[in-house]
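Please look at the screen for a few minutes. I will go from the whole chain down to single residues.

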Amino acid sequence: MGIEIRAHEPGKDTKDFIEAGPVVFRQDPSWVKPLDMMLGDRLNPKKEPFYRHAEVALFTAWKDGRLAGRISATVDRNWLATWNDATGHFGYFDTIDDAEVARALVTRAEQWLRDKGMKRMNGPMSLSANHEVGVLVDGFTYPPAVDMGHSRSYQGALAEACGLVKEKDLYAWRYDTKGGFNARTQRAWDQIQEMKEVRLRSVELSKLRQELEIVMEIYNETWKGKWGYVPLASDELDKMAADLRLIIDRDMAFIAEVDGKPAGMCICVPNLNELIVDLNGKMFPFGWAKIIYRTKVQNPTSARLIALGVREAIRKNVKRYGYLAAAMYVEVAKRGMAKGYRWAELSWTREDDAPINLGIRSMGASIYKTYRVYEKPLT
């Protein structure tokens, strides 16, 4: 029967696309099945505001009548407005260990993007640079943290067999709280604590949407121009606030203020994947209750540091506030230790983010996973 590629309409025909995940990862003990409801919402234009500035196509591959893999293709108008590079994206690149299946899926995504006028393709981005990014190429024995992807160990080789080449490596770091702090970072925290004009305050959950506006202002200022940066639209920020409200630990998310004005931000969330590993993607009938209990009563042992940044004007005042970022790393670690967290993933950072990577390494964290973004010209 050979290989057949089937198209699926987002929001209406996604069952097989979602089911391709368990097919590919069935024998992988490290994979954590996403909650079906959350993945379904991601693939539904009525639930996911990303579709308001993007076009998305979903494809599955069938070999000899059996489901064998999946891929998405995306044209993100916000990416194009930011980078003006005629680049489309592929995502959800998960297949059985079969080069023909992988090649058929990539070829179909290429064709769709080419028909949309794109000159280059990169990814995986599932669905955008603000979602899960990269093929895991190192660190397969560890389960994925919340909102991070996972790949079979052969997926990178299949990508290369399809003519995809490396564009960028992204690092996920692991910090174990038992490691403590070195003298330099502890001194940075001590110095910042002595500054009366500096305050590290927890986010106010009752004003989470407004707090996230502050976070995104600092994010946009700090990350603008860096690889993969795309600003979030207002409705995407609304959805982020709604999603975070369900899992956020206010003690692990804070804003740094200098003289009462926002100067930096830190967003660290409980590792939801630790809590859902045995739910098989199901929220009902009892999954939701288990999640609430494990989040609010039992408490997770791991977290993910999603973002930490300091405004440029503050960073430029090196003599006074040069240690603020390091102090914020120590602060979130101390807060985590007090809450019983044993370790955290810091992700992701770009391989060429030398100052950021140096700062994380100086905290005692180490790279434990590498995600690779691939590219391919479409001309």
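Of the contacts in this protein between residues at least 6 apart in sequence, 79% join residues at least 24 apart. Keep in mind that this is a predicted model.

Next, the overall build. The secondary structure comes to 14 helices and 15 strands. How does the radius of gyration agree with that of a compact globule? For 379 residues, such a globule would have a radius of gyration near 21 Å, and the protein has 21 Å, so the two agree. Along the principal axes, the C-alpha trace spans about 70 × 45 × 35 Å.

Now the surface. Of the 379 residues, 55% are buried. The protein exposes about 17,200 Å², and 51% of that is supplied by carbon and sulfur atoms.

On to charges. There are 56 positive and 51 negative charges, and their mean positions are 3 Å apart. The structure holds 36 salt bridges. I will take three of them in turn.

Asp278 and Arg294 meet through their side chains in a salt bridge, 2.8 Å from N to O. Asp278 sits in the loop between α9 and α10, Arg294 sits in helix α10, and 16 residues separate them. The two ends differ in cover. Asp278 has a relative accessible area of 46%, so Asp278 is partly exposed. Arg294 has 16%, and the cut-off for buried is under 20%, so Arg294 is buried.

Glu312 and Lys316 both lie in helix α11, residues 312-316, and are four residues apart, which is about one turn of the helix. Their side chains form a salt bridge of 3.5 Å, N to O. Glu312 is partly exposed because its relative accessibility is 36%. Lys316, at 63%, counts as exposed. Salt bridges can also share partners: Asp85, Arg120, Glu167 and Glu375 are joined into one network that way.

Arg350 lies in strand β14, residues 343-350. Its relative accessible area is 4%, so Arg350 is buried. What is Arg350 in contact with, leaving aside neighbours within four places in sequence? The list is Lys168, Asp169, Leu170, Trp223, Lys226, Trp227 and Asn357.

The other residue is Ile276, found in helix α9. Ile276 has a relative accessible area of 3%, so this residue is buried as well. Not counting residues up to four places away in sequence, Ile276 touches Val32, Lys33, Leu35 and Ile291. How far is the C-alpha atom of Ile276 from that of Gly228, 48 residues apart along the chain? The separation is 29 Å.

Terms used. Residues numbered from 1 in each chain as written. Predicted model: local features only at pLDDT ≥ 70, side-chain atom pairs only at ≥ 80, totals over all residues. Heavy atoms only, no water. Helix = DSSP H or I, 4+ residues; strand = E, 2+ residues; numbered from the N terminus. Rg over C-alpha atoms; globule rule 2.2 N^0.38 Å. Buried < 20%, exposed > 50% of the residue type's maximum accessible area, 1.4 Å probe, protein only. Contact = heavy atoms within 4.5 Å. Areas by Shrake-Rupley, 256 points an atom, 1.4 Å probe, with all protein chains shown as cover. Lys, Arg positive; Asp, Glu negative; His and termini not counted. Charge placed at Lys NZ, Arg CZ, Asp CG, Glu CD. Salt bridge = Lys/Arg side-chain N within 4 Å of Asp/Glu carboxyl O.
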